[in-house]
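This report describes one protein model, from its overall make-up to single residues. The sequence and the structure come first.

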Amino acid sequence: MTSEAAVENSSEGKPELGQDRVLIFDTTLRDGEQAPGFSMSRAQKLRMASALADLGVDILEAGFPHASDDDFSSVRAIATSVRGPRICGLARCQQGDIESVARAIEPATKGRIHIFLATSPLHREFKLQMSRQQVIDTAVAGVERALGYCGDVEFSAEDAIRTEPDFLAEVFSAVIAAGATTVNVPDTVGYTTPIEIAERFAWLRANVRGAESVVFSAHCHDDLGMAVANSLAAISAGARQVECTINGIGERAGNAALEEIVMALRVRSDRFAGLTTGIRAKRLHATARLLAQITGQPIARNKAIIGENAFAHESGIHQHGMLKHRGTYEIMHAEDVGFARSQLVLGKHSGRHALRERLSMLGHELDEAALDEVFVQFKTLADRKREVFDADIEALAVGRDPEAAGPWHLSHLHATSHVDSSASASVRLTHDDGRVVSEAAIGDGPVDAVLRAVSRAVGHEFAVEEFHIRALSEGGDAQGQAAISVIHEGRELRGQAVSTDIVEAAAKAILEIANRIEHVAVARPTEPTAIAH
Ligand SMILES: CC(=O)SCCNC(=O)CCNC(=O)[C@H](O)C(C)(C)COP(=O)(O)OP(=O)(O)OC[C@H]1O[C@@H](n2cnc3c(N)ncnc32)[C@H](O)[C@@H]1OP(=O)(O)O
Ligand SMILES: CC(C)C(=O)C(=O)O
């Protein structure tokens with residue numbers, strides 16, 4: 001790092017201290033990326049970093065620059081182009097590591113060097129083979145070196161929770177005296193409990209010399225499923241920085257999930273003395289989905305805050321409650337975290353209230369007798385299918401067999417993809433009235449090409465709003481479900497299909513939509529499911 005850059009970084013001074021603000025330190029690109037299956041390329045990290053900046057994280061740990069040339073250049077690229085968060089890199093207490101971070105974060109307008117050293121007896125004796133005094137000396141020397149490059153230095157006592165509290169206090173007192181601006185208490189192996197970590201933070205804040213001049217930070221892992229609870233307990237006991245990741249990705253069982261901490265602070269502000277974060281919560285869903293897309297690791301349906309089921313209700317009693325007042329079964333609004341809306345999903349547990357609501361939304365106002373009749377058929381169908389879709393409901397309402405496809409059928413499909421150029425697809429469709437239509441198209445990938453070819457063949461323009469592929473089972477021959485939502489003449493229509501070939505599943509899903517357009521006269525534009533506020 002040039003001396004000029006060092007001055008620029010150091011002039012930023014200490015991090016934002018403020019007793020009513022919890023700093024969000026995002027380590028998705030460092031601890032998150034360390035987990036098997038989550039490696040990202042430089043371009044992907046850059047994309048993710050800019051999404052994290054838009055989300056409003058305070059500190060963005062962009063990587064471990066000494067790990068590899070690629071990690072170094074990723075951190076440097078982020079420091080060069082991402083503005084907003086303080087850009088941070090991790091280093092051992094070694095000159096080479098610290099220098100690598102310093103060079104990598106040099107272009108950042110706000111930088112931080114994060115150094116760590118394990119302090120617990122197990123790590124001291126078996127891993128580092130250092131005495132207590134050597135640990136203190138190494139930590140202090142590391143902080144002093146880092147301060148030569150950057151005014152904002154965080155020190156983490158790896159495995160702090162399993163460290164003797166009096167020794168941990170000694171280490172923290174020493175690094176604060178040396179100039180560390182943030183001291184981090186990692187629960188490296190996810191061992192602590194909420195009560196224990198709260199006691200530890202309270203004790204450290206009372207017993208560490210200079211505690212009042214630094215930010216105390218928590219870094220919790222999820223080995224026992226308590227990372228978020230432990231982070232929140234640490235906040236209750238005075239932590240004003242939490243280290244967390246999108247979707248809770250990270251070593252082993254992961255880190256504390258950013259979205260859960262942020263929303264717990266917001267929804268239960270009554271329990272957290274009105275503490276706030278700088279996170280733009282409406283961006284949570286999009287950011288989480290971007291990470292899933294980049295890493296190819298899907299988000300569990302039941303994942304808190306951002307999972308597909310987080311604001312979806314299938315059971316009749318809940319749906320009835322939701323239609324009367326959504327506070328009955330939701331403690332926050334889907335829109336608050338970036339979903340378009342809550343969803344009432346029709347399935348075998350649903351009741352008449354939700355069915356009537358969906359039929360009405362689709363333009364079918366049935367009297368009680370007709371509703372009863374459709375309801376019986378709906379339950380029979382729902383017992384056979386995982387989910388009942390709008391196409392099925394419409395078919396029941398107009399007296400068709402929902403499982404009989406048509407009038408369009410797919411009789412031939414051929415799709416090819418090429419590296420460096422567009423993909424192409426050709427389809428042949430047959431219609432119940434005897435027509436046979438063949439069409440071909442090129443597109444941005446085989447799915448896009450096949451959607452265009454089907455669209456030409458049936459003669460409808462589809463504006464695809466959403467497209468999801470989900471594996472229904474594991475293995476190379478797994479069944480994939482394609483779900484498509486399109487806007488047609490101002491109306492949202494959804495189609496879905498299953499196949500071992502995802503291109504075929506996509507073709508059939510769009511064909512389902514084409515068939516519905518032919519079957520049902522569009523009564524009125526779809527509105528979001530009406531849910532009382
Ligand atoms: C809890 C955490 O998440 S810590 C961060 C974990 N992340 C990573 O490890 C990802 C990046 N790591 C790497 O790419 C590599 O481990 C490197 C490049 C940093 C080091 O590689 P190598 O030099 O081959 O060492 P290796 O990883 O095998 O062993 C770690 C060495 O660092 C030492 N070490 C571990 N922690 C520290 C520390 N905080 N400060 C100083 N030295 C340390 C170990 O004692 C060991 O030293 P030794 O080589 O003298 O025995
Ligand atoms: C380096 C520290 C912060 C860490 O990742 C851990 O201890 O889990």
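UniProt positions are given here in the numbering used for this structure, feature names are shortened, and annotations may be inferred rather than shown by experiment. The model is predicted.

## Overall make-up

The protein has 533 residues, of which 44% count as buried. Its secondary structure comes to 18 helices and 16 strands. Taken along the principal axes, the C-alpha atoms fill a box of roughly 85 × 50 × 40 Å. Among contacts with a separation of 6 or more, 67% are made by residues 24 or more positions apart.

## Domains

Three domains divide the protein: domain 1 (3-295), domain 2 (312-397) and domain 3 (408-519). The centres of domain 2 and domain 3, taken over C-alpha atoms, are 26 Å apart. Where these two domains touch, four residues of domain 2 are in contact with six residues of domain 3. The side contributed by domain 2 has two nonpolar, no polar and two charged residues.

An unreviewed UniProt entry lists residues 22-285 under "domain: Pyruvate carboxyltransferase". This span is 44% helix and 17% strand, and its end C-alpha atoms lie 21 Å apart.

Under "binding site", the unreviewed UniProt entry lists D31, H219, H221 and N255. These positions are spread over 225 residues of sequence, yet they cluster in space, with a largest C-alpha distance of 10.3 Å.

Which residues are around ligand 2? They are D31, F116, S156, E158, N184, P186, T188, H219 and H221. Strand 5 (153-158) and strand 6 (182-187) are the elements that give two or more residues to this shell. By class, the shell around ligand 2 has two nonpolar, five polar and two charged residues.

H219 is placed in strand 7 (residues 215-220). Is H219 buried or exposed? The cut-off for a buried residue is 20 or more other C-beta atoms within 10 Å; H219 has 30 C-beta neighbours inside 10 Å and therefore counts as buried. Leaving out residues up to four places away in sequence, H219 touches S156, N184, P186, D187 and E243.

H221 is found in the loop between strand 7 and helix 10 (227-236). Because 25 other C-beta atoms lie within 10 Å, H221 is buried. Apart from residues up to four places away in sequence, H221 touches D187, T188, V189, G190, A227, G250, E251, R252, A253 and N255.

## Two residues with positive phi

Most residues other than glycine have a negative phi. R252, a contact of H221, has a positive phi, near 55°. This residue lies in the loop between strand 8 (241-244) and helix 11 (258-267). With 13 other C-beta atoms within 10 Å, R252 is partly exposed.

Q129 also has a positive phi, near 50°. Its place is the loop between helix 6 (121-128) and helix 7 (132-147). Is Q129 buried or exposed? Q129 has 9 other C-beta atoms within 10 Å, so it is exposed.

## Helix 4 against helix 5

Two packed helices are described by the angle between their axes and the distance between the axes. For helix 4 (residues 69-81) and helix 5 (residues 95-105), the axes come within 7 Å and cross at roughly 35°. On the helix 4 side, F72, V75, R76 and A79 take part in the contact, and they meet S100, A104 and I105 in helix 5. The residues of this contact divide by class into five nonpolar, one polar and one charged.

## R470 in strand 14

R470 is found in strand 14 (residues 463-471). Because R470 has 17 C-beta neighbours inside 10 Å, it counts as partly exposed. Not counting residues up to four places away in sequence, R470 touches G480 and Q481. The C-alpha atoms of R470 and V498 are separated by 9.4 Å, and the two residues are 28 residues apart along the chain.

How values were computed
Residues numbered from 1 in each chain as written. Chains lettered and ligands numbered in written order. Predicted model: local features only at pLDDT ≥ 70, side-chain atom pairs only at ≥ 80, totals over all residues. Axes fitted to C-alpha atoms, helices over the stretch in contact; angles between N-to-C directions. Helix = DSSP H or I, 4+ residues; strand = E, 2+ residues; numbered from the N terminus. Contact = placed C-beta atoms within 7 Å. Nonpolar A, V, L, I, M, F, W, Y, C, P; charged D, E, K, R; others polar. Near = placed C-beta within 6 Å. Buried ≥ 20, exposed ≤ 12 C-beta atoms within 10 Å, placed from the backbone. Domains from an automatic or database assignment.
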